Amino acid sequence: MTSSLPEDVQAVFDRFITTELTTIDPGGQPITWPLTPYYSPGAPCIDVTTGIGYPKKANDARANPLVSMLFSEPKGSGLPEPPMVLVQGSAQVDDRDLDANRERYERESVAKLPELAKFTPPALLRRMLSWYYARIYIRVRPERIYVWPRGDTSAEPALYDAHLEEVRSGHSEEPERFHAGPLGGISAWDTRIAELGTRYPTAVLSIVSPDGFPFSVRVPIHLDEAARWVRIEGELTGVPLQSGLACLTAHVHGEQFTWQQNFQVRGDLAFHDGKWVLVPRKLVGGFELPASRLALLRANAAKARRFRRTAKRELARRG
């Protein structure tokens, strides 16, 4: 499908440093993390990868192959005014040969992000860091693609679809699937939520569409501390918002990806006083790369221990 797409859309897949991958967990919760996309123009799939020490996104994609990839952060791509692109597709998890995946990752990651070569440890140490370098690939075959020129969500997006009837009608013709309703209860607050609307003036809002595919879009946000929720701002034409579980992901990275920070807030999307709001239920910090190596060690020491334990279980399960 991708070979028939406009060149500017294929360039987004090829040149963007990050894509926001959304999977759906067994409870119907959409979960969005920024990952590096790997794509060759005209290829049938767009690939992302995760370490065996933190395999949840791969496990969720194996259980429910309906996923999405949003391309909304052009920093470092070198593309002037690129469109925002949402890919909805089916995922295939590749963990049959972890050694081959590790070699592929070591080769492709440096080719994609040359500045990372200076941070790559020697081969012997990489073997000791198998929780990170033993890789699981997720191959996403696009089925439906939305394109917002210049990221303008107030206008109807262009639709490219594997099903001609959907292009003609301009919306999904898939039957409705299970949709998880709001959890309810009081808002769960975290001090880092205060960064939303300030350090992060926009964030990626992810929901589950009525047809079961995740749907993500980058939106301006405003924090309402008095009400203890996050207001979704801007005009979102054609976005299938409905009350239910949602995920709001904030991330930022350097031009060469030598540092990056990210976290997500999972909660209930609800309609209050003519506005959509996210009521926080849980804040989850991501795997971050602070600008200094000392800060890197401090930020991820506890996570690394947890990832090593997870990797040990995953490797034992695979025999």
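Me: A polar contact is a pair of N or O atoms within 3.5 Å; within protein, one must be able to donate a hydrogen and the other to accept it, and residues adjacent in sequence count only if both atoms are side-chain atoms. What makes Asp97 a cap of α3?

Reply: A side-chain oxygen of Asp97 lies 3.2 Å from the backbone nitrogen of Asp99, and this value falls within the 3.5 Å limit. Asp97 therefore caps the N-terminal end of α3. The model is predicted: local features need pLDDT of at least 70, side-chain atom pairs count only at pLDDT 80 or more, and totals for chains, interfaces and linings use all residues. Residues are numbered from 1 along each chain as its sequence is written, and side-chain values use heavy atoms, with hydrogens and water left out.

Me: How do you know what span to expect of helix α3?

Reply: Helices (H or I, at least four residues) and strands (E, at least two) are DSSP runs, numbered from the N terminus. The expected span of a helix is 1.5 Å times one less than its number of residues. Helix α3 comprises residues 98-112, 15 residues in total, for which 21 Å is expected. From its first C-alpha to its last, α3 reaches 20 Å, close to that expectation.

Me: Why is Asp94 called buried?

Reply: Buried means under 20% relative accessible area, exposed over 50%, and partly exposed in between (1.4 Å probe, protein chains only). Asp94, placed in strand β5, has a relative accessible area of 15% and therefore counts as buried. Its side chain reaches the backbone nitrogen of Arg96 at 3.4 Å. Contact means heavy atoms within 4.5 Å; not counting residues up to four places away in sequence, Asp94 touches Asn101, Ile136 and Tyr137. Asn101 is itself one of the buried residues of α3.

Me: What places the buried residues of helix α1 on the same side?

Reply: In α1 (residues 7-15), the buried residues are Val9, Gln10, Val12 and Phe13. The arc they cover around the axis is only 150 degrees, so they stand on the same side of α1. This arc is that of the directions from the helix axis to the C-beta atoms. Their cover includes β3, β4, β5, α3 and β6.

Me: How do you know where the buried residues of helix α2 lie around its axis?

Reply: Lys57, Ala58, Asp60 and Ala61 are the buried residues of α2 (residues 56-63). With an arc of only 165 degrees around the axis, they are on the same side of α2. Among the elements that cover them are β1 and β2.

Me: Why is the pair of Tyr146 and Trp148 called stacked?

Reply: Rings of Phe, Tyr and Trp (its six-membered ring) pair if their centres lie within 6.5 Å; planes under 30 degrees apart count as stacked, over 60 as edge-to-face and the rest as tilted. The structure holds 18 aromatic pairs. In that of Tyr146 and Trp148, the centres are 6.2 Å apart and the planes form an angle of 20 degrees; the pair is therefore stacked. Tyr146 and Trp148 are both buried.

Me: How do you know that Thr310 is buried, and which residues does Thr310 contact?

Reply: Thr310, found in helix α7 (residues 293-317), has a relative accessible area of 13% and is therefore buried. Leaving aside neighbours within four places in sequence, Thr310 is in contact with Ile52, Gly53 and Pro55. The C-alpha atoms of Thr310 and Tyr54 are separated by 7.0 Å, although these residues are 256 residues apart along the chain.
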